[in-house]
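Visitor: Could you take me through some features of this model?

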Amino acid sequence: MATEEIRVRGTVQGVGFRPTVYRLAKACGLYGDVCNDGQGVLIRVSGSEEALTEFVARLQTECPPLAKINQLTRIPYEGKFNFNNFVISTSVNNAIKTEIVPDAATCPQCRQEIFDPFSRFYRYPFTNCTHCGPRLSIIRAIPYDRCNTSMSAFVICPECAKEYDDVENRRFHAQPVACHVCGPTAWLERADGKSVTASMFSMLDDVDAVCTLLQKGEIVAIKGLSGIHLACDATQETVVQKLRQRKKRYHKPFALMARDIEIIEQYCTVNAKEKELLTSSAAPIVLLQATGKKLVAPSVASGQNTLGFMLPYTPLHHLILRRMNRPIVLTSGNLADEPQCIDNDEAREKLGTIADYFLFHNREIINRVDDSVVIIGDKVQTIRRARGYAPASISLPLGFDNVPQILAMGSELKNTFCLLRQGEAILSQYLGDLESAAAFNAYQETLNLYLNLFEHTPEVIAIDKHPEYFSSKLGKELADTNQIPIHQIQHHHAHIAACMAENGIPLNSPPVLGIALDGLGYGDNSTLWGGEFLLADYRKFQRLATFKPVAMIGGEQAIYQPWRNTYAQLIAANLWDDCQQQYADLEIVKLLNKKPLKLLNQLIEKKINSPPASSVGRLFDAVAAAIGICPEECSYEGQAAIAMEAIVDVSSLNNDKEALIYPFSFSFSDSIYCIDSRPMWQALLYDLQQQIPQPVIAAKFHKGLANAIVEMVKHLRQENPIHQVALTGGVFQNCILLQQVSKRLETLGIKVLTHSLVPANDGGLSLGQAVIAAAQLIHES
């Protein structure tokens, strides 16, 4: 007989792990106990060597659906052992090293129960078990026990307590377990304050009444799992337009929810991998190719060829959509540039002029978590990492096992922060843009929550080099207050390091060539970068090549007025005189001639609020505006570029004729290679004059840009040992460009690293900041 202490670390709390341990220990004839603690799950067990070996093997192969074992260690147990059976013991509080489970979509068993008239959970909108339901959104502290969640406000009834205590039951120790008798309740309110009852609609209950309201063309604010959403019928143009006007979200695509896959397939093509993601426990928004068979309202996603669909992920959503045979818009309940509302009173105040009705409930949302967004190319690409994925840890590559606790503050836009501890990174959910006071306050609240939840005491803080980022300023304040070192990390180096880390590149590996293309980031010597070729490892980088810097006329205004970028590009290419002489009849030239060009020229010449930037994001905007896509104004960054990607002519894209590829030129000065877009502009202007269709020009630009990138890699490869290339930055969310570059590089025998777990955009930046700071610390020691 042997007695062992088995320590299991990973995602092992709140996922039915202890019942699995109990069941397997009984099956193997073992005795002892199992408990939750701050490090994960602790098992003390005794039995024959054969039984113990079988037990450990089955523990790993029969892991519960939401569980993930990161580490399992076995040592002889030498303490008192007074067990003659196997039991589940009380949780122990000690140092926090375990993980918090992401919120999980309703499992098939719970979904069946809410539609079963003979079940006590029939039509109960908060039904859950150990395989599904709220986790991150309701937790205040670890261990994950009911008293540490917002479910502590609800006293469990005898029937629920019986299931909670029954180790053979699916709800054994499911902390949010509740029913009609003892759990949270939902109710309907009118935004104008007048009373409303379900009998007005002859419906089953207030939740069912929401479906009727949506069908009638009303806008309903729905409090869900981790935030409040605004919903309306996605097929009624009038109400979708009304929602846009009231919310002041004029162009950015709306997310959609449909009752089932069959409804989604009426509007989009859905392949096997996309179906798998839609029906997974994460239940993200999946960007799908629209088919045109059935159409949603034009305003749902104007100028797009994709629609972002998700399936119901809570019983509440399933019950609302039971009678809904068409999609609904389900977008964040917030004012423009502010975080999603999570509190009932806050929603009444801020959304009262947007929604016609509110569906509220009385379970408090502790942690705001937006919906995740993914797209399928050659592999899954995460656009926004939030509900269903955060805060599951990311295992770090070899060499990062014993790093100190590091806090990385992230970027200004699409912010996340990152906690680094031994061998793993905990990336926060997407927190949005920090430019508004409300968003920045929410960022600080979430950061404090994470630091407390994980008992994380940073020994180093990593920030972006940009001096005006709010995240960087806060990082400096925290470092000064706590008298700890701060590491300033270059923006594009962080992008590349994040890509390396999620692809498992070991700490001491040779440098990779990172190609980081985005809107902009703070470079060396206070310049703005956005189209960079960096030879980089985790500690340092060397800038080998870039795109020719072009003025961002008006600074931030250039992000939202694409014509500014077109004019700046034409001036930089020395082509404006040609435009006046040869292309004066082009719409873009006519438009630019109406602008105050004399003033703009002075701004460029004197570099007044017109910093030069090597931004590929702004190049995309410039080309889009030139061919007539959003030339005057965009309401969100990248709108014009995204719309241009959507219209690309596939036949031109797949045609390898050189005439269908725009040329770029290359130069070398100041110890760096440069890609110049002048030849591309010459060819594009000629095509516009020849009235070549927009989709063909868009295809030629994508192919030409991809070709230029690969030609630069070929050249750099002659002078540097390059075997791996990391493609990163928000521009590489463009699936066409990503596939074109990847395919060309792979034919050269180069291994291509791309993003999947974390976004290529600034949402992944904090991971890169954290691993760079860790690598630099290890090197210094």
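Predicted model: local features only at pLDDT ≥ 70, side-chain atom pairs only at ≥ 80, totals over all residues.

Visitor: Is helix α5 buried or exposed?
Guide: Nine of the ten residues of α5 (residues 206-215) are buried, so this helix is largely enclosed by the rest of the structure. Buried means under 20% relative accessible area, exposed over 50%, and partly exposed in between (1.4 Å probe, protein chains only). Helices (H or I, at least four residues) and strands (E, at least two) are DSSP runs, numbered from the N terminus.

Visitor: What covers the buried residues of α5?
Guide: The cover includes β6 (186-190), β7 (220-223) and α9 (315-320), where contact means heavy atoms within 4.5 Å.

Visitor: Changing topic, how many salt bridges does the structure hold?
Guide: There are 37, each being a side-chain nitrogen of Lys or Arg within 4 Å of a carboxyl oxygen of Asp or Glu.

Visitor: Which residue forms a salt bridge with D205?
Guide: R123 does, with the closest N and O atoms 3.0 Å apart. D205 lies in the loop between β6 and α5 and R123 in the loop between α3 (108-114) and α4 (158-165), so the pair ties together parts that are 82 residues apart in sequence. R123 counts as buried at 8% relative accessibility, whereas D205 is partly exposed at 21%.

Visitor: And which residues are linked in a network of salt bridges?
Guide: E113, R120, E163, R170 and R171 are linked in this way.

Definitions and conventions. Residues numbered from 1 in each chain as written. Heavy atoms only, no water.
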